Amino acid sequence: MSTFNCRTLKRHLYMTALALLLVVTATSAFADHNEKTGKKGILLVAFGTSVPEAQAAFANIDAMVKEKFGNISVFWAYTSHIIRHKLAKQGHPHLSTAEALARMADQGFTTVAVQSLHTIPGEEFHAMQGIAKAFETMPDGFSKVTVGRPLLNTNQDMMNAAKALLASVPAERQSNEAVVFMGHGTPHPANIYYPGMQYYMERLDPLAFVGTVEGTPSLDDVLKELRQANVKKAYLIPLMSVAGDHARNDMAGDEDDSWISVLTKAGITCIPVLQGMAEKEPVVAIWVQHLQTAVDQLQ
Ligand code: CO
(Lines give C-alpha, C1' and ligand atoms only; values in the text may rest on other atoms or scores of the structure.)
Protein backbone atom coordinates (compact mmCIF):
# COMPACT_ATOMS: atom_id res chain seq x y z
CA MET A 1 0.00 0.00 0.00
CA SER A 2 2.65 2.39 1.04
CA THR A 3 4.74 1.35 -1.96
CA PHE A 4 1.81 1.89 -4.27
CA ASN A 5 1.12 5.36 -2.78
CA CYS A 6 4.70 6.28 -3.12
CA ARG A 7 4.79 5.16 -6.75
CA THR A 8 1.60 7.12 -7.51
CA LEU A 9 3.06 10.20 -5.91
CA LYS A 10 6.26 9.80 -7.91
CA ARG A 11 4.22 9.42 -11.09
CA HIS A 12 2.22 12.53 -10.18
CA LEU A 13 5.37 14.51 -9.56
CA TYR A 14 6.86 13.28 -12.82
CA MET A 15 3.76 14.27 -14.79
CA THR A 16 3.61 17.68 -13.09
CA ALA A 17 7.29 18.32 -13.81
CA LEU A 18 6.78 17.32 -17.44
CA ALA A 19 3.77 19.61 -17.76
CA LEU A 20 5.70 22.47 -16.19
CA LEU A 21 8.62 21.86 -18.51
CA LEU A 22 6.29 21.96 -21.50
CA VAL A 23 4.76 25.24 -20.33
CA VAL A 24 8.17 26.79 -19.70
CA THR A 25 9.49 25.61 -23.09
CA ALA A 26 6.42 26.87 -24.90
CA THR A 27 6.57 30.25 -23.14
CA SER A 28 10.26 30.82 -23.85
CA ALA A 29 9.81 29.70 -27.46
CA PHE A 30 6.98 32.22 -27.76
CA ALA A 31 9.12 34.96 -26.17
CA ASP A 32 12.00 34.16 -28.53
CA HIS A 33 9.64 34.27 -31.45
CA ASN A 34 8.31 37.66 -30.33
CA GLU A 35 11.80 39.07 -30.00
CA LYS A 36 12.79 37.89 -33.48
CA THR A 37 9.74 39.17 -35.38
CA GLY A 38 9.18 42.18 -33.11
CA LYS A 39 6.75 44.96 -33.94
CA LYS A 40 8.27 47.38 -36.42
CA GLY A 41 7.15 50.99 -36.72
CA ILE A 42 7.90 54.13 -38.72
CA LEU A 43 7.95 57.61 -37.22
CA LEU A 44 7.99 60.58 -39.61
CA VAL A 45 9.34 63.74 -38.02
CA ALA A 46 8.77 67.17 -39.58
CA PHE A 47 9.36 70.69 -38.30
CA GLY A 48 5.60 71.15 -38.68
CA THR A 49 3.35 73.81 -40.11
CA SER A 50 0.37 75.75 -38.83
CA VAL A 51 -0.79 76.71 -42.35
CA PRO A 52 -3.73 74.42 -43.27
CA GLU A 53 -2.97 74.57 -47.04
CA ALA A 54 0.61 73.46 -46.34
CA GLN A 55 -0.65 70.34 -44.56
CA ALA A 56 -1.38 68.91 -48.03
CA ALA A 57 2.36 68.49 -48.47
CA PHE A 58 2.58 66.24 -45.40
CA ALA A 59 -0.50 64.30 -46.50
CA ASN A 60 1.36 63.59 -49.75
CA ILE A 61 4.41 62.21 -47.92
CA ASP A 62 2.14 60.14 -45.67
CA ALA A 63 0.45 58.59 -48.72
CA MET A 64 3.77 57.83 -50.45
CA VAL A 65 5.24 56.22 -47.32
CA LYS A 66 2.13 54.11 -46.66
CA GLU A 67 2.14 52.96 -50.27
CA LYS A 68 5.75 51.81 -50.06
CA PHE A 69 5.72 50.38 -46.50
CA GLY A 70 2.10 49.22 -46.35
CA ASN A 71 2.71 46.58 -43.67
CA ILE A 72 4.41 48.95 -41.20
CA SER A 73 2.44 51.37 -38.96
CA VAL A 74 3.26 55.04 -39.57
CA PHE A 75 3.30 57.69 -36.81
CA TRP A 76 3.98 61.45 -37.06
CA ALA A 77 5.75 64.00 -34.87
CA TYR A 78 6.43 67.75 -35.17
CA THR A 79 9.68 69.13 -33.72
CA SER A 80 8.52 72.78 -33.41
CA HIS A 81 7.16 73.68 -29.95
CA ILE A 82 5.62 76.88 -31.28
CA ILE A 83 3.73 75.11 -34.05
CA ARG A 84 2.52 72.29 -31.76
CA HIS A 85 1.31 74.89 -29.28
CA LYS A 86 -0.51 76.84 -32.00
CA LEU A 87 -2.14 73.70 -33.45
CA ALA A 88 -3.19 72.41 -30.02
CA LYS A 89 -4.93 75.73 -29.34
CA GLN A 90 -6.84 75.28 -32.62
CA GLY A 91 -7.88 71.80 -31.46
CA HIS A 92 -5.36 69.85 -33.59
CA PRO A 93 -2.85 68.39 -31.14
CA HIS A 94 0.37 66.91 -32.59
CA LEU A 95 3.00 64.81 -30.80
CA SER A 96 6.64 65.76 -30.22
CA THR A 97 9.33 63.21 -31.13
CA ALA A 98 9.59 62.01 -27.51
CA GLU A 99 5.80 61.79 -27.09
CA ALA A 100 5.39 59.80 -30.30
CA LEU A 101 8.19 57.37 -29.38
CA ALA A 102 6.80 56.91 -25.85
CA ARG A 103 3.38 56.13 -27.33
CA MET A 104 4.89 53.62 -29.76
CA ALA A 105 6.84 51.90 -26.97
CA ASP A 106 3.63 51.74 -24.93
CA GLN A 107 1.82 50.12 -27.87
CA GLY A 108 4.41 47.34 -28.01
CA PHE A 109 6.60 48.44 -30.91
CA THR A 110 10.08 46.98 -30.50
CA THR A 111 12.00 48.56 -33.39
CA VAL A 112 11.44 51.96 -35.01
CA ALA A 113 12.79 53.68 -38.12
CA VAL A 114 12.60 57.44 -37.50
CA GLN A 115 12.67 59.49 -40.70
CA SER A 116 13.63 63.15 -40.63
CA LEU A 117 11.59 65.29 -43.01
CA HIS A 118 13.95 68.19 -42.48
CA THR A 119 15.85 69.70 -45.42
CA ILE A 120 19.37 69.76 -43.93
CA PRO A 121 21.09 68.02 -40.99
CA GLY A 122 20.86 71.15 -38.82
CA GLU A 123 19.76 71.90 -35.26
CA GLU A 124 16.28 70.36 -35.55
CA PHE A 125 17.64 67.15 -37.06
CA HIS A 126 20.37 66.66 -34.47
CA ALA A 127 18.04 67.31 -31.52
CA MET A 128 15.59 64.77 -32.95
CA GLN A 129 18.35 62.20 -33.51
CA GLY A 130 19.48 62.56 -29.88
CA ILE A 131 15.95 61.93 -28.60
CA ALA A 132 15.40 58.95 -30.93
CA LYS A 133 18.68 57.29 -29.93
CA ALA A 134 17.95 57.81 -26.21
CA PHE A 135 14.91 55.51 -26.60
CA GLU A 136 17.28 52.69 -27.53
CA THR A 137 19.09 52.72 -24.19
CA MET A 138 16.03 53.49 -22.04
CA PRO A 139 14.36 50.71 -19.99
CA ASP A 140 11.03 49.90 -21.69
CA GLY A 141 12.38 51.59 -24.83
CA PHE A 142 13.11 49.86 -28.14
CA SER A 143 15.60 47.13 -29.00
CA LYS A 144 16.63 49.18 -32.04
CA VAL A 145 16.04 52.72 -33.36
CA THR A 146 17.44 53.88 -36.70
CA VAL A 147 17.33 57.46 -37.99
CA GLY A 148 16.87 58.30 -41.67
CA ARG A 149 18.90 61.28 -42.92
CA PRO A 150 17.23 64.56 -43.99
CA LEU A 151 16.66 65.47 -47.66
CA LEU A 152 20.13 66.89 -48.30
CA ASN A 153 22.85 64.65 -46.92
CA THR A 154 25.24 63.16 -49.49
CA ASN A 155 26.54 64.75 -52.70
CA GLN A 156 24.28 62.33 -54.56
CA ASP A 157 21.27 63.69 -52.59
CA MET A 158 22.27 67.21 -53.62
CA MET A 159 22.46 66.26 -57.29
CA ASN A 160 19.17 64.34 -57.13
CA ALA A 161 17.41 67.16 -55.30
CA ALA A 162 18.73 69.83 -57.70
CA LYS A 163 17.50 67.79 -60.66
CA ALA A 164 14.09 67.10 -59.08
CA LEU A 165 13.59 70.74 -58.07
CA LEU A 166 14.53 72.10 -61.49
CA ALA A 167 12.21 69.58 -63.16
CA SER A 168 9.34 70.97 -61.08
CA VAL A 169 9.75 74.56 -62.33
CA PRO A 170 6.59 75.70 -64.22
CA ALA A 171 6.87 74.64 -67.89
CA GLU A 172 6.12 78.16 -69.19
CA ARG A 173 9.42 79.47 -67.83
CA GLN A 174 11.67 80.81 -70.63
CA SER A 175 15.43 80.18 -70.74
CA ASN A 176 16.26 83.86 -70.05
CA GLU A 177 14.08 83.84 -66.91
CA ALA A 178 15.58 82.98 -63.53
CA VAL A 179 14.48 80.55 -60.85
CA VAL A 180 15.09 81.59 -57.23
CA PHE A 181 14.79 78.89 -54.56
CA MET A 182 14.17 80.19 -51.05
CA GLY A 183 15.65 78.06 -48.24
CA HIS A 184 15.37 78.65 -44.50
CA GLY A 185 19.04 79.13 -43.53
CA THR A 186 20.53 78.67 -40.08
CA PRO A 187 23.45 79.73 -37.83
CA HIS A 188 24.23 75.95 -37.56
CA PRO A 189 27.28 74.77 -39.61
CA ALA A 190 24.88 72.77 -41.82
CA ASN A 191 23.95 76.10 -43.47
CA ILE A 192 26.75 75.13 -45.90
CA TYR A 193 24.18 72.94 -47.68
CA TYR A 194 22.57 76.08 -49.16
CA PRO A 195 25.67 77.45 -50.96
CA GLY A 196 26.34 73.76 -51.76
CA MET A 197 22.94 73.52 -53.40
CA GLN A 198 23.69 76.70 -55.39
CA TYR A 199 26.74 74.91 -56.83
CA TYR A 200 24.73 71.87 -57.97
CA MET A 201 21.84 73.98 -59.31
CA GLU A 202 24.14 76.22 -61.31
CA ARG A 203 25.74 73.24 -63.05
CA LEU A 204 22.32 72.20 -64.34
CA ASP A 205 20.87 75.65 -64.97
CA PRO A 206 22.95 78.87 -65.07
CA LEU A 207 19.90 80.97 -64.07
CA ALA A 208 18.95 78.93 -60.98
CA PHE A 209 19.73 80.63 -57.65
CA VAL A 210 19.50 79.66 -54.01
CA GLY A 211 18.87 82.16 -51.21
CA THR A 212 17.88 81.83 -47.55
CA VAL A 213 15.69 83.75 -45.11
CA GLU A 214 18.01 83.43 -42.11
CA GLY A 215 21.42 82.36 -43.44
CA THR A 216 23.76 82.54 -46.44
CA PRO A 217 23.25 83.22 -49.33
CA SER A 218 21.00 86.14 -48.42
CA LEU A 219 18.40 87.86 -50.58
CA ASP A 220 21.01 90.59 -51.23
CA ASP A 221 23.44 87.96 -52.52
CA VAL A 222 20.75 86.62 -54.86
CA LEU A 223 19.78 90.11 -56.06
CA LYS A 224 23.42 90.82 -56.95
CA GLU A 225 23.53 87.65 -59.07
CA LEU A 226 20.21 88.46 -60.75
CA ARG A 227 21.46 91.96 -61.68
CA GLN A 228 24.74 90.59 -63.02
CA ALA A 229 22.82 88.16 -65.23
CA ASN A 230 20.50 90.97 -66.32
CA VAL A 231 17.42 89.00 -65.26
CA LYS A 232 14.02 90.63 -65.91
CA LYS A 233 11.74 87.87 -64.67
CA ALA A 234 12.10 85.26 -61.94
CA TYR A 235 10.12 82.34 -60.50
CA LEU A 236 10.24 82.23 -56.69
CA ILE A 237 10.02 78.71 -55.27
CA PRO A 238 10.34 77.46 -51.65
CA LEU A 239 13.33 75.22 -50.84
CA MET A 240 11.31 74.10 -47.83
CA SER A 241 9.23 71.00 -47.23
CA VAL A 242 6.00 73.02 -47.12
CA ALA A 243 4.84 76.36 -48.50
CA GLY A 244 4.09 77.61 -45.00
CA ASP A 245 4.52 80.89 -43.19
CA HIS A 246 7.96 81.72 -44.68
CA ALA A 247 6.83 81.04 -48.27
CA ARG A 248 3.56 82.95 -47.85
CA ASN A 249 5.01 85.94 -45.99
CA ASP A 250 8.81 86.24 -46.40
CA MET A 251 8.76 85.08 -50.01
CA ALA A 252 5.40 86.08 -51.48
CA GLY A 253 3.91 88.50 -48.89
CA ASP A 254 2.91 92.18 -49.31
CA GLU A 255 5.42 93.55 -46.78
CA ASP A 256 8.12 95.91 -48.13
CA ASP A 257 10.91 93.49 -47.19
CA SER A 258 9.39 90.33 -48.69
CA TRP A 259 11.39 88.78 -51.52
CA ILE A 260 8.70 89.57 -54.07
CA SER A 261 8.59 93.24 -52.96
CA VAL A 262 12.39 93.68 -52.99
CA LEU A 263 12.88 92.00 -56.38
CA THR A 264 9.90 93.75 -57.97
CA LYS A 265 11.31 97.09 -56.80
CA ALA A 266 14.60 96.10 -58.47
CA GLY A 267 12.73 95.78 -61.78
CA ILE A 268 12.32 92.01 -61.80
CA THR A 269 8.87 90.58 -62.52
CA CYS A 270 8.23 87.80 -59.99
CA ILE A 271 6.08 84.69 -60.26
CA PRO A 272 5.77 83.06 -56.81
CA VAL A 273 5.09 79.32 -56.77
CA LEU A 274 3.45 78.32 -53.48
CA GLN A 275 4.36 74.67 -53.51
CA GLY A 276 6.51 72.94 -50.88
CA MET A 277 9.09 70.28 -51.69
CA ALA A 278 6.93 67.65 -49.98
CA GLU A 279 4.35 68.18 -52.75
CA LYS A 280 6.86 67.18 -55.45
CA GLU A 281 7.03 63.41 -55.86
CA PRO A 282 10.63 63.21 -57.20
CA VAL A 283 11.79 65.18 -54.12
CA VAL A 284 9.75 63.05 -51.70
CA ALA A 285 11.33 60.00 -53.36
CA ILE A 286 14.69 61.09 -51.85
CA TRP A 287 13.23 61.18 -48.31
CA VAL A 288 11.55 57.81 -48.94
CA GLN A 289 14.86 56.35 -50.13
CA HIS A 290 16.48 57.49 -46.86
CA LEU A 291 13.60 55.88 -44.95
CA GLN A 292 14.19 52.64 -46.87
CA THR A 293 17.80 52.66 -45.61
CA ALA A 294 16.61 53.24 -42.03
CA VAL A 295 14.05 50.40 -42.29
CA ASP A 296 16.70 48.06 -43.76
CA GLN A 297 19.02 48.89 -40.84
CA LEU A 298 16.39 47.59 -38.38
CA GLN A 299 17.16 44.04 -39.58
CO1 CO B 1 11.60 79.77 -39.53
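Analyst: Let's start with a term: buried means under 20% relative accessible area, exposed means over 50%, and partly exposed is in between (1.4 Å probe, protein chains only). Keep in mind that this is a predicted model, where local features need pLDDT of at least 70, side-chain atom pairs count only at pLDDT 80 or more, and totals for chains, interfaces and linings use all residues. Residues are numbered from 1 along each chain as its sequence is written, and side-chain values use heavy atoms, with hydrogens and water left out.

Now the metal. The cobalt ion has H184 (NE2) and H246 (NE2) as its protein donors, lying 2.1 Å from it. Donors are N, O and S atoms within 2.8 Å of the metal (3.2 Å for Na, K and Ca); water is not among the atoms, so sites may look incomplete. H184 sits in the loop between β5 (178-183) and α7 (193-204), while H246 belongs to helix α9 (residues 245-251), so the pair ties together parts that are 62 residues apart in sequence. Helices (H or I, at least four residues) and strands (E, at least two) are DSSP runs, numbered from the N terminus. H184 is partly exposed, at 27% relative accessibility, and H246 is partly exposed too, at 21%.

On to other spots. E255 is in the loop between α9 and α10 (259-265), and this residue is exposed, with a relative accessible area of 57%. Over in helix α11 (residues 281-296) you'll find D296, which is partly exposed at 45%. D296 and T146 are 150 residues apart in sequence, yet 9.2 Å apart in space, C-alpha to C-alpha.
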